[in-house]
Every structure is written in structure tokens, then in C-alpha cells.
2 protein chains.
Amino acid sequence: MNYSRQRESIKEYLMSTKEHPTADIIYQNVKMEYPKISLGTVYRNLTLLVEVGEVKKISTGDGTEHYDADTSAHSHYYCRCCHRLMDLEVTPSVDQILAASSAGIGTVESANLLFTGVCKDCIREQNK
Amino acid sequence: MNYSRQRESIKEYLMSTKEHPTADIIYQNVKMEYPKISLGTVYRNLTLLVEVGEVKKISTGDGTEHYDADTSAHSHYYCRCCHRLMDLEVTPSVDQILAASSAGIGTVESANLLFTGVCKDCIREQNK
DNA sequence: TTTAAAAATAGTAATTATTACTATTTTGCT
DNA sequence: AGCAAAATAGTAATAATTACTATTTTTAAA
């Protein structure tokens, strides 16, 4: 992977915000510095950065993906009303998280935990 | 909400499978019973069923949504290789889940917990 | 059991997010 | 400087989802 100003700018913007922006929002912001940047470049670099582990992709089910340069272990709270995605600095038991967050940030209508990895079947396939 | 055979069939199919199918897979299956059903009908009813709480929508970030008629509190494991979404009957501490699932199902590359609800700001707005 | 309004449907068109393609430019190396 | 690999802008294509409309189904009341 070679250096690119555009990719740096994307990373910089992502690190400067706590908003968990979508590709399009990132595009609009990076365009201020690089008016000729194309949306495809934003998507390609986001995919790259996620692959390399420098950025996390967060799926809320609202129709578009959100991105976060904070790769530390933390959870998120999504408001289905204003569509904001917020940080939650928690890792303890789900019950505790539920109690804590329902007291703090808003109502909790669902708490979903999703693990991603490569399953045993696929590992077996790969070792053939 | 009025009764509809198509909606019943969608629910029936969803309850019969552990596969967490996408709208399109559901469409293909319900089409066996109702060959004239349209994809729009599937989408509309899935949205309705999710709103009413009879079905859960699960976002893996793989480009399409998955649906689950099992609304009990459980987590999921997504394999980024074969794109299968599997059930995990867990609710204890995230650390325990991590340990348990990494031993069992496959590698765990990420564990993401997402809460959804209505945030305090929105509740405040609504009470005006 | 007819009937009329409300809700749902099939089929199609439109929209939106994302990916693919290509000719040109930038980067890293020697 | 000069060359290959990687990246880009711009555009076209794809895939998932939503919107629209004329017709059919459902529901409940006459």
C-alpha cells in the first residue's frame, strides 16, 4: 500500500470526529481539502483502512455504513430517531450495560452483539 | 394491520429456518407457495414485522440485511468467509463470550455490541 | 350475503449506496 | 530523471431497497 494524500485526509477527518460518519459525509468533508476527490476514492480507501484494521465499519441497519477511526474496544448506541451513533465506553456484562445505558443515554429497545470471524468450516476448507 | 396470506407465509418461512435469510432469499422461498408474490411485498412485510417486534433485522455489514423470527435475547456470530450468520445462546460478560466463542465456533476478529433506542435529546424534542 | 372502505398486493419504475472500469496522475525506487 | 506499481478522478454499472399505481383482498357492518 502506497502513501496517498487523499487517504491521509480521510484518516485525519475520521480521527478528528466523534460522529461515526458515513462514506458520503466523509466525502463531503474531505472535499473541502481536496475538491477533486471522488466518492469512489473515499469508498476504496475506507475498505482498505478497514482491511488493515485502522478503521472500523459499523452497521446500524439504517441503510448506510458508518465509520470510526477509534479502534479501541468500545460499544455504540444508535438512536433510531435522530440516527446518531454514539460511543459507549463499556465492556462488562450485557446486563450491566443494559442497566447503565438505559439510565444514561436514552431508552434501550435492543442490544445486539455481533461477533465476526472465520468459522470452523471455513478454516477447514482453507487448510485443504 | 389486516391479515394477509403472504405475510403469514413470510413469517412461517422465517420461523422454520435458522438461517437468518435476506429479503431476497425469503422471496425465493415464499415464491414456492405464492408464485406471484413480489419482492416489494416481502420488503414491506418485513419492515412491518420488524416494527411490530415479531421479527428482528440483523445488520452484518455484508451489503444486505438479515432477518430472524427468533426474537429472544441472543447474539450472533457472522463468518466473513462463508457469510453465514449463526446463533449464539449467550448473554454473560463480553469477556466470557469472547473466550467461549473463540474456543467453539471459529476465530473472533471482532465483537460488536450495538444498542438501539431513542436518545434523551430526541425524547426531549418529542415532549415539546 | 352483499357492499363499501381500508389495507394489501403485483408489477413496474425510481432511488440510493456501493462497486467496477479506464485513462491519467502520483508514488517509490533505482 | 525514468520506470513500474499503485492510486486517482470521473463515469458507468450493479445491487438493495423504496415508491407508485391500478387491481385484488380483507374486514366489518348493513
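**Exercise 1.** How many bridges join β3(B) to β4(B)? Describe the hairpin that these strands form.

*Solution.* The model is predicted: local features need pLDDT of at least 70, side-chain atom pairs count only at pLDDT 80 or more, and totals for chains, interfaces and linings use all residues. Residues are numbered from 1 along each chain as its sequence is written, chains are lettered from A and ligands numbered from 1 in the order in which they are written, and side-chain values use heavy atoms, leaving out hydrogens and water.

Step 1. Strands (E, at least two residues) and helices (H or I, at least four) are DSSP runs numbered from the N terminus, and two strands pair if DSSP finds at least two bridges between them.
Step 2. β3(B) and β4(B) run antiparallel and are joined by four bridges.
Step 3. Tyr78(B) has Leu85(B) in β4(B) as its bridge partner.
Step 4. Five residues lie between the two strands of the hairpin, and His83(B) in the turn has a positive phi of about 60°.

**Exercise 2.** Identify the residues of the largest nonpolar core that touch the most other members.

*Solution.* Step 1. A nonpolar core is a set of buried (under 20% relative accessible area, 1.4 Å probe, protein chains only) Ala, Val, Leu, Ile, Met, Phe, Trp, Tyr and Cys residues joined through side-chain atoms within 4.5 Å.
Step 1. The largest core has 17 residues, of which Tyr77(A), Cys79(A), Cys119(A), Tyr77(B) and Cys79(B) touch the most other members.
Step 2. β3 (75-79) and β5 (110-117) of chain A, with β3 (75-79), β4 (85-88) and β5 (110-117) of chain B, each supply at least two residues of this core.
Step 3. In contact (heavy atoms within 4.5 Å) with Cys119(A) are residues including Tyr77(B), Cys79(B) and Met86(B).

Note on methods
Buried < 20%, exposed > 50% of the residue type's maximum accessible area, 1.4 Å probe, protein only. Lists of a residue's contacts leave out its neighbours within four places in sequence.
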